[in-house]
Structures are given as structure tokens and as C-alpha cells.
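Thanks for coming. Please have the sequence and the coordinates open.

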Amino acid sequence: MLVRYFAAAADAAGCEEELLPPQSTVGQLKALLVERYGDAMARVLASGSFLVDGVVSRDDAQALGSRVDVLPPFAGG
């Protein structure tokens, strides 16, 4: 699965995108990312979200497709 990272998520991962083994749900992907990238990624994911098939999700049970975007929290202006 293609995982793309933005802003603080890219900083935590050390890259803007990568191919990872397929994961079934947002929760499984979160666990994999924290295992791979540790506390920095855990902080991003604590208040960030995922873009799954063009729809923002924070639901750990959300099924995943072939591409997911990891979005850090955004401040409004």
C-alpha cells in the first residue's frame, strides 16, 4: 500500500511516501507506523487523521484501500 506523509508526519517518517505491507484498517496502520517511527509519529497520530479514498478518517475500524495519506493536525486561520 502506498502511504503518503505530509508536514509533521513526513518529518516523523523521514520521507514523503513509501510502500508498506497492506494493512486492513486505520488502527492496524497506526500501530505499524508507531512501531516503525516511535514517539514522533505517535504524537502526530494522536491528533492527526488519515485520508482514505479521499475521505478523512479518525476511525480505527475504517477499512483501507491501496493508498492512504497521513495528515498531521492543521491549524485554522
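Is strand β5, residues 67-71, mostly covered or mostly uncovered? This is a predicted model, so everything I say is about that prediction. In it, β5 is mostly covered, with four of its five residues buried.

Next, the neighbours of β5. On one count, β1, residues 2-5, pairs with β5 in the parallel sense, over four bridges. Within that pairing, Y5 stands opposite V70 of β5. Then there is β3, residues 49-52, which also pairs with β5 over four bridges, but in the antiparallel sense. There, S49 stands opposite L71 of β5.

A word on S49, which belongs to strand β3. Why does S49 count as buried? Its relative accessibility is 7%, and the cut-off for buried is under 20%. Setting aside neighbours within four places in sequence, S49 contacts D69, V70 and L71, and also V56, S57 and R58.

Now the whole sheet. Which order do the strands take? The sheet is open, has five strands, and reads β2-β1-β5-β3-β4, with mixed pairing. The edges are β2, at 17-19, and β4, at 55-57; each has a single partner strand, so one side of each is left without a neighbour in the sheet. From one strand to the next, the twist averages 25°.

As a reminder, strands of a sheet pair through backbone hydrogen bonds, in either the parallel or the antiparallel sense.

On to the helices. The chain has two of them, along with the five strands, and from the N terminus the elements run β-α-β-α-β-β-β. Helix α2, residues 26-47, lies across β1, β2, β3, β4 and β5. Relative to β3, helix α2 runs at about 140°.

Finally, the chain overall. Of the 77 residues, 38% are buried. Taking contacts between residues at least 6 apart in sequence, 51% join residues at least 24 apart.

To go back to where I began: β5 has four of its five residues buried, and in the strand order β5 sits between β1 and β3. That is the end of my part.

Terms used
Residues numbered from 1 in each chain as written. Predicted model: local features only at pLDDT ≥ 70, side-chain atom pairs only at ≥ 80, totals over all residues. Heavy atoms only, no water. Buried < 20%, exposed > 50% of the residue type's maximum accessible area, 1.4 Å probe, protein only. Helix = DSSP H or I, 4+ residues; strand = E, 2+ residues; numbered from the N terminus. Pairing = 2+ DSSP bridges. Contact = heavy atoms within 4.5 Å. Axes fitted to C-alpha atoms, helices over the stretch in contact; angles between N-to-C directions.
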